[in-house]
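Some notes on this entry follow, as numbered points. Please read them beside the coordinates.

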Amino acid sequence: DVKTGFDPSKRWVPVNTGMKQFFTAAGSKSLNASLQFFPLGGDLAEVCAYPYATPKVALSPVADGSAFLSAIDAETPSGGTPTVPALEGAIAYAKQVKVSRPGENVAVVLVTDGEPGFWNDSSKGVEPGCSGNTIATAASAASDAKAAGIPVHVIGVGPSLSNLNAVAAAGGTQAAQIIDVSDPGQTTAAFL
């Protein structure tokens, strides 16, 4: 996206490659995971109200990564970052998992290439788009997850994402992992 500086070859492609490597790595085979993407839906109202608590891949063993690989391959990048609706959905799903699987460790990992917001052509800038779609509200959601015993890890892919540290800290994981996007090969390796 020319307006926001988004270049899929520097973010989307290397992150997807890193996710695929994660879901096929020997060290991941003993894990269970679920997977959801954002933004999803059509217009802004649909994106903000999308049922993000229903993942594209429900909690399942990573031992057979094919469902994860297929889901990753089926997605394409689209504009806007509805962080709060997506994070709240992931946390709601994680809470359900925690109740249904007592004694197991449950965590949320938020991977994003932008802070909450949507490009507005008329104002030539970024605005929240969805109600309450701000770093402060995302941090509040992460704090709620932490209180429920669910840590929130944040991986920011791109430049100028230090505000995501507030979300990670509120989620009990101290700081976001910010991944540089200047070299796609290094981006994949750092993401993995």
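Leaving aside its neighbours within four places in sequence, which residues is Ala94 in contact with?

1. Ala94 is in contact with Val106, Val108 and Ile150, where contact means heavy atoms within 4.5 Å. Ala94 belongs to helix H4 (residues 83-100). Helices (H or I, at least four residues) and strands (E, at least two) are DSSP runs, numbered from the N terminus. With 5% relative accessibility, Ala94 counts as buried; buried means under 20% relative accessible area, exposed over 50%, partly exposed in between (1.4 Å probe, protein chains only). Between Ala94 and Ala107 there are 7.0 Å in space, C-alpha to C-alpha, at a separation of 13 residues in sequence.

2. On provenance: this is a predicted model, in which local features need pLDDT of at least 70 and side-chain atom pairs count only at pLDDT 80 or more, while totals for chains, interfaces and linings use all residues. Residues are numbered from 1 along each chain as its sequence is written, and side-chain values use heavy atoms, with hydrogens and water left out.

3. Two packed helices are described by the angle between their axes and the distance between the axes. For helix H1 (residues 12-24) and helix H7 (residues 184-191), the angle is about 40° and the axes are 8 Å apart. Axes are lines fitted to C-alpha atoms, for helices over the stretch in contact, and angles run from 0 to 180 degrees between N-to-C directions. The crossing of H1 past H7 is right-handed, meaning that the near helix is turned clockwise from the far one by less than a right angle.

4. H1 brings Pro14, Val15, Thr17, Gly18, Met19 and Gln21 to this contact, and H7 brings Pro184, Thr187, Thr188 and Phe191. Five of the residues in the contact of H1 with H7 are nonpolar, five are polar and none is charged. Here Ala, Val, Leu, Ile, Met, Phe, Trp, Tyr, Cys and Pro count as nonpolar, Asp, Glu, Lys and Arg as charged, and the others, Gly among them, as polar.

5. Buried residues of H7 include Thr187, Thr188 and Phe191. The buried residues of H7 fall within an arc of 95° seen down its axis, so they line one face of the helix; the arc is that of the directions from the helix axis to the C-beta atoms. Their cover includes H1, strand S3 (108-112), strand S6 (152-157) and strand S7 (177-179). At the N-terminal end, Asp183 caps H7, with a side-chain oxygen 3.0 Å from the backbone nitrogen of Gly185.

6. In helix H3 (residues 66-74), Phe68, Ala71 and Ile72 are buried. Their arc around the axis is only 100°, which puts them on the same side of H3. The buried residues of H3 pack against H1, strand S1 (32-35) and strand S2 (57-61). Asp73 and Ala74 are exposed, on the face of H3 turned away from its buried side.

7. Arg11, in the segment before H1, is buried at a relative accessible area of 12%. A polar atom of the Arg11 side chain lies 3.2 Å from the backbone oxygen of Asp113.

8. Two backbone details may be checked. The peptide bond joining Phe38 and Pro39 is cis, with omega about 5°, and Pro39 lies in the loop between S1 and helix H2 (44-49). Gln174, in the loop between helix H6 (164-170) and S7, has a positive phi near 70° although it is a residue other than glycine. Gln174 is exposed, with a relative accessible area of 68%.

Key. Polar contact = N/O pair within 3.5 Å; in protein donor to acceptor, adjacent residues only side chain to side chain.
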